[in-house]
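Please look over the structure below before reading on. This report takes a few of its residues and helices in turn.

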Amino acid sequence: METKIKDLEIEVRSKVLLFVVLTANLTRYIGVSIIQIGLPQFVLDLSGTLISYGLVIGIFNITQSLFQFPFSSLSDKYGRRTMVLIGLLIYIAGTFLCYIANSILELLIYRAIQGAGAYSSILQAVVGDMYKRDEQGKGMALYSLTISLGYFAGTAIGGYVAFYLGFRSIFLITGLLAIITAI
């Protein structure tokens, strides 16, 4: 009887953890797509060009890609939670710095910092850790679903945020979503 209760407790904790991780992934991609909607106008407001817009997008993607590997490796060594929190803190700092950017150069630097908070691969690893090898497809499907739903929701929300609150506020809303994710 005691073993069944412990097994049930472990199962409940696993489902709660899965929900938390998938929610964190959802809010991350809501924030990413909110930024994508408002960023072109924000770059124009900073007297940017189409080239600088491409650089602002690209620098985020480059630093995110470069930092995925070390963050994932460190999560194997120091734990998933620790590295997700470190990544989130870097991402949040970069996001709020983007909010206060007053030039394209500042925005480029701050987007590089934002991208350096690469924690999404760790979230994916957590989901993979939770499923047995023959069931990992189900976990990855849930992970991918939260990406798609996040992009859809963020696209819809981003238009309203940019229109009603101003283009700069895309970073404020995204930063607040990241703080909620960290909590």
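Which residues does F71 touch, not counting residues up to four places away in sequence? The list is M83, I86, G87, I90, A116, A118 and I122. The model behind this is predicted.

**The chain as a whole**

The chain has seven helices and zero strands. Read along the sequence, its pattern is α-α-α-α-α-α-α. Along the principal axes, the C-alpha atoms fill a box of roughly 70 × 35 × 25 Å. The chain holds 183 residues, and buried residues make up 41% of them. Now take the contacts in the chain with a separation of 6 or more: residues 24 or more positions apart account for 77% of these.

F71 is found in helix α2. Its relative accessible area is 7%, under the 20% limit, so F71 counts as buried. F71 and I51 are 20 residues apart in sequence, and their C-alpha atoms are 30 Å apart in space.

S75 also has its place in helix α2, which covers residues 50–78. Is S75 buried or exposed? S75 has 3% relative accessibility, so it counts as buried. Leaving out residues up to four places away in sequence, S75 touches R80, M83 and I122. M83 and I122 are also among the residues that F71 touches.

I86 is another residue on the F71 list. I86 lies in helix α3, residues 80–99. Its relative accessible area is 36%, which lies between the 20% and 50% limits, so I86 is partly exposed. I86 and Y99 are 13 residues apart along the chain, and 20 Å separates their C-alpha atoms.

**V43 in helix α1**

V43 sits in helix α1. How buried is V43? Its relative accessible area is 1%, so V43 counts as buried. Not counting residues up to four places away in sequence, V43 touches G48, T49, S52, Y53, V56, I104 and L107. V43 and F167 are 124 residues apart along the chain, yet their C-alpha atoms are separated by 9.2 Å.

**S47 in the loop**

The loop between α1 (2–45) and α2 holds S47. S47 is not a glycine, although it has a positive phi of about 65°. Its relative accessibility is 68%, so S47 counts as exposed.

**Where α5 meets α6**

Two packed helices are described by the angle between their axes and the distance between the axes. Helix α5 (residues 120–130) and α6 pack at about 145°, and their axes are 9 Å apart. The crossing of α5 past α6 is right-handed. Which residues meet here? From α5 come S120, L123, Q124, V127 and G128, and from α6 come Q136, G139, M140 and Y143. The residues of this contact divide into four nonpolar, five polar and no charged.

**Aromatic rings**

How many aromatic pairs are there? The count comes to six aromatic pairs. Two of them are set out here.

| Pair | Arrangement | Centre to centre | Angle between planes |
|---|---|---|---|
| Y160 and Y164 | stacked | 6.2 Å | 5° |
| F163 and Y164 | edge-to-face | 4.9 Å | 90° |

Why are Y160 and Y164 separated by about one helical turn? They are four residues apart in helix α6, which covers residues 136–165. Y160 and Y164 are both exposed. F163 is exposed as well, along with Y164. Y160, F163 and Y164 form one aromatic cluster.

**A charge over two rings**

Which ring faces does R28 lie over? One is the face of Y91, where R28 is 5.5 Å from the ring centre. Another is the face of Y119, with R28 at 4.9 Å from the ring centre.

Conventions: Residues are numbered from 1 along each chain as its sequence is written. This is a predicted model: local features need pLDDT of at least 70, side-chain atom pairs count only at pLDDT 80 or more; totals for chains, interfaces and linings use all residues. Side-chain values use heavy atoms; hydrogens and water are left out. Helices (H or I, at least four residues) and strands (E, at least two) are DSSP runs, numbered from the N terminus. Buried means under 20% relative accessible area, exposed over 50%, partly exposed in between (1.4 Å probe, protein chains only). Contact means heavy atoms within 4.5 Å. Rings of Phe, Tyr and Trp (its six-membered ring) pair if their centres lie within 6.5 Å; planes under 30 degrees apart count as stacked, over 60 as edge-to-face and the rest as tilted. A charge sits over a ring if NZ of Lys or CZ of Arg is within 6 Å of the ring centre and within 35 degrees of the ring normal. Axes are lines fitted to C-alpha atoms, for helices over the stretch in contact, and angles run from 0 to 180 degrees between N-to-C directions. A crossing is left-handed if the near helix is turned anticlockwise from the far one by less than a right angle, and right-handed if clockwise. Ala, Val, Leu, Ile, Met, Phe, Trp, Tyr, Cys and Pro count as nonpolar, Asp, Glu, Lys and Arg as charged, and the others, Gly among them, as polar.
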